[in-house]
Amino acid sequence: MSNTHITFEKLNLIEPLLKAVAVEGYTKPTPIQEKAIPIVLSGKDLMGCAQTGTGKTAAFAIPILQLLSTHKSHDVGQRKIRTLIVTPTRELAIQIGESFASYGRFTGLKQTVIFGGVSQSSQVKALKAGVDILVATPGRLLDLIGQGFVHLKNIEIFVLDEADRMLDMGFIIDVKKIIKVIPVKRQTLFFSATMPQSIIALANSILTNPSKVEVTPQATTAETIKQELYYVDAGDKKRLLIHLLKDSNITTALVFTRT
């Protein structure tokens, strides 16, 4: 059971990160943050079994920002990409990029997000300006590596997020190609909501003596999520949705439709 009295201060975070966490309105780390942050700060590889909604992104973003801030690059000239986060969808990539921007606002570190389905020009412009942290979907990443816009020889930390979805979406070959072009000597953080044998095999192929963190039983909803189910005739679905969205307690909503 998590110690309810632990605070972000007790995790030995540097002042710029504590300040950013306070601005975000967080006082206590979630269970995965409490377990993962010290492991990542120690430089060890990590294998995390965690669902979306557990605070997983901050569990790797916060310690990565600290490691990059405290181990400054000695290279002169343009910033080199020192951390790469690979994630399966543009939505996840954008969300992770926003987390790094929020938590890293007082660190002076720069990040950018690249994904397919949109023009690459603004993404290339950001890369040319120099970034410390790159969040990417596999296809666009390999495309921009091929065009010579992304160089990964300075990667110190590699994060593979939502590994089970990568497998489901057919990205495994792309992931293996990416792993071939990043340095062998690196810290690797691996996250998956489920741990079938195929995911364990992939994790074992890219991790070195990792620490394992599991925060919720496999295939269960995160504790922070409250679920409700409404039985309704098909013709009334739209009216029910409008009724629910009029609730002033709902400040942000995500609606999934069939296509």
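Guide: Let's start with glutamate 24 and arginine 105, whose side chains meet in a salt bridge, 2.5 Å from N to O. The term stands for a side-chain nitrogen of Lys or Arg within 4 Å of a carboxyl oxygen of Asp or Glu. You're looking at a predicted model, in which local features need pLDDT of at least 70 and side-chain atom pairs count only at pLDDT 80 or more, while totals for chains, interfaces and linings use all residues. Residues are numbered from 1 along each chain as its sequence is written, and side-chain values use heavy atoms, with hydrogens and water left out.

Visitor: Which parts does the pair of glutamate 24 and arginine 105 tie together?

Guide: Side chains of opposite charge can pair when their charged atoms come close. Here glutamate 24 sits in helix 1 and arginine 105 in the loop between helix 4 and strand 3, so the bridge joins parts that are 81 residues apart in sequence. (Helices, H or I with at least four residues, and strands, E with at least two, are DSSP runs numbered from the N terminus.) Glutamate 24 is partly exposed at 28% relative accessibility, and arginine 105 is partly exposed too, at 39%. On that scale, buried is under 20% relative accessible area, exposed is over 50%, and partly exposed is in between (1.4 Å probe, protein chains only).

Visitor: How many salt bridges does the structure hold?

Guide: Seven. Another one links aspartate 132 to arginine 79, with the closest N and O atoms 2.5 Å apart. Aspartate 132 is in the loop between helix 5 and strand 4, and arginine 79 in the loop between helix 3 and strand 2, so parts 53 residues apart in sequence are tied together. Aspartate 132 is buried at 5%, whereas arginine 79 is partly exposed at 32%. Then there's a network of salt bridges that links Lys56, Asp161, Glu162 and Arg165. Within it, glutamate 162 and arginine 165 meet at 3.8 Å, N to O. Glutamate 162 is buried, at 6%, and arginine 165 is partly exposed, at 35%.

Visitor: Which residues of helix 6 are buried?

Guide: An α-helix has 3.6 residues a turn, so residues three or four places apart point the same way. In helix 6 (residues 138-146), the buried ones are Pro138, Arg140, Leu141 and Leu144. They pack against several elements, including strand 2 (83-86), strand 3 (111-114) and helix 8 (172-181).

Visitor: How many aromatic pairs does a search of the whole structure find?

Guide: Two. Rings of Phe, Tyr and Trp (its six-membered ring) pair if their centres lie within 6.5 Å; planes under 30 degrees apart are stacked, over 60 edge-to-face, and the rest tilted. Phenylalanine 60 and phenylalanine 100 have ring centres 6.3 Å apart and planes at 45°, so that pair is tilted. Phenylalanine 60 is in helix 3 (residues 56-70) and phenylalanine 100 in helix 4 (residues 90-103), so the pair ties together parts 40 residues apart in sequence. Phenylalanine 60 and phenylalanine 191 have centres 5.3 Å apart and planes at 40°, so this pair is tilted as well. Phenylalanine 191 belongs to strand 6 (residues 187-192), so the pair with phenylalanine 60 spans 131 residues in sequence. Both phenylalanine 60 and phenylalanine 191 are buried, and phenylalanine 100 is buried at 0%. Phe60, Phe100 and Phe191 form one aromatic cluster.

Visitor: Where does asparagine 209, with its positive phi, lie?

Guide: Most residues other than glycine have a negative phi, and most peptide bonds are trans. Asparagine 209, with phi near 45°, lies in the loop between helix 9 (197-206) and strand 7 (211-214). Asparagine 12 has a positive phi too, near 60°, and lies in the segment before helix 1 (15-24). Asparagine 209 is exposed at 61%, and asparagine 12 is exposed at 60%. Glycine 148, which follows helix 6, has a positive phi near 85°.

Terms used: Contact means heavy atoms within 4.5 Å.
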